[in-house]
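Subject: Structure for your review

Dear colleague,

Please find below the structure that I am handing over to you. I would be grateful if you would look through it before reading the findings that follow.

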Amino acid sequence: MDIADFNSRWLAAWTAKDVEALVGFYAPDCTYKDPQTAAGIVGHDALRAYLTALFASTPPMTYTPETVWSIENGFCGRWYCTFEGPDGPARMRGFDLVEFDGDRIGWNEVYVHPLP
């Protein structure tokens, strides 16, 4: 699998806020964790509900891949996100740990922090 291509297409779906496309990147029994879901959510239905609520409450966001590197059964990827914050343009940097279940994401942990 070309992980750089996978990551680029996946982040494009995040930018588009395309819930169904994103769910399609994940295995049916996936586990997803980010700062708002630290305990994790499991499965397509929970992921779909979370993403729908998240996208309804966030401004347009543009995700740009920085780098990816292969790990056993997956990859790590670093990216930047730009969006309009309450005080004007804002940026954050993020990091994804991705483990595959077949050719889809079985485990995804997301770490983010704001940039000055």
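Two rings of Phe, Tyr or Trp are taken to pair if their centres lie within 6.5 Å. Please note also that this is a predicted model.

**Aromatic rings**

Ring pairs join Phe-6, Trp-10, Trp-14, Phe-25, Tyr-26, Tyr-32, Tyr-50, Phe-55, Tyr-63, Phe-75, Trp-79 and Phe-100 into a cluster. Counted by the ring rule, there are 15 aromatic pairs. In one of them, the ring centres of Phe-6 and Phe-25 are 5.2 Å apart and the planes stand at 90°, so this pair is edge-to-face. Because Phe-6 belongs to helix H1 and Phe-25 to helix H2, the pair ties together parts that are 19 residues apart in sequence. Phe-6 and Phe-25 are both buried.

A further aromatic pair, Trp-69 with Phe-95, is tilted, with 5.8 Å from centre to centre and 45° between the planes. This pair links distant parts of the chain, since Trp-69 is in strand S3 and Phe-95 in strand S5, 26 residues apart. Phe-95, with a relative accessible area of 26%, is partly exposed.

**The nonpolar core**

The largest nonpolar core comprises 29 residues, and those with the most contacts inside it are Trp-10, Trp-14, Tyr-26 and Leu-51. Among the elements that give two or more residues to this core are helix H1 (3-16), helix H3 (44-56) and strand S6 (104-115). H1 gives the most, with six residues.

Which residues does Tyr-26 touch, leaving aside its neighbours within four places in sequence? Tyr-26 is in contact with Trp-10, Trp-14, Tyr-32, His-44, Leu-47, Arg-104, Ile-105 and Asn-108.

**The largest pocket**

The volume of the largest pocket is about 400 Å³. It is lined by 23 residues, of which Gln-36, Met-61, Tyr-63, Met-92 and Val-112 are the closest to its centre. The elements that give two or more residues to this lining are H1, S1, H3, S3, S4, S5 and S6. S6 supplies the largest share of the lining, five residues. By type, the lining residues of this pocket are 16 nonpolar, four polar and three charged.

Yours sincerely,

A colleague

Conventions. Residues are numbered from 1 along each chain as its sequence is written. This is a predicted model: local features need pLDDT of at least 70, side-chain atom pairs count only at pLDDT 80 or more; totals for chains, interfaces and linings use all residues. Side-chain values use heavy atoms; hydrogens and water are left out. A nonpolar core is a set of buried Ala, Val, Leu, Ile, Met, Phe, Trp, Tyr and Cys residues joined through side-chain atoms within 4.5 Å. Buried means under 20% relative accessible area, exposed over 50%, partly exposed in between (1.4 Å probe, protein chains only). Helices (H or I, at least four residues) and strands (E, at least two) are DSSP runs, numbered from the N terminus. Contact means heavy atoms within 4.5 Å. Rings of Phe, Tyr and Trp (its six-membered ring) pair if their centres lie within 6.5 Å; planes under 30 degrees apart count as stacked, over 60 as edge-to-face and the rest as tilted. On a 1 Å grid over the protein atoms alone, a cavity is a set of points where a 1.4 Å probe fits but cannot get out, and a pocket is an open set with protein on both sides within 12 Å along at least five of seven lines; lining residues have an atom within 4 Å of a point. Grid points are joined across faces, edges and corners, and a volume is the space filled by probe spheres set on the points. Ala, Val, Leu, Ile, Met, Phe, Trp, Tyr, Cys and Pro count as nonpolar, Asp, Glu, Lys and Arg as charged, and the others, Gly among them, as polar.
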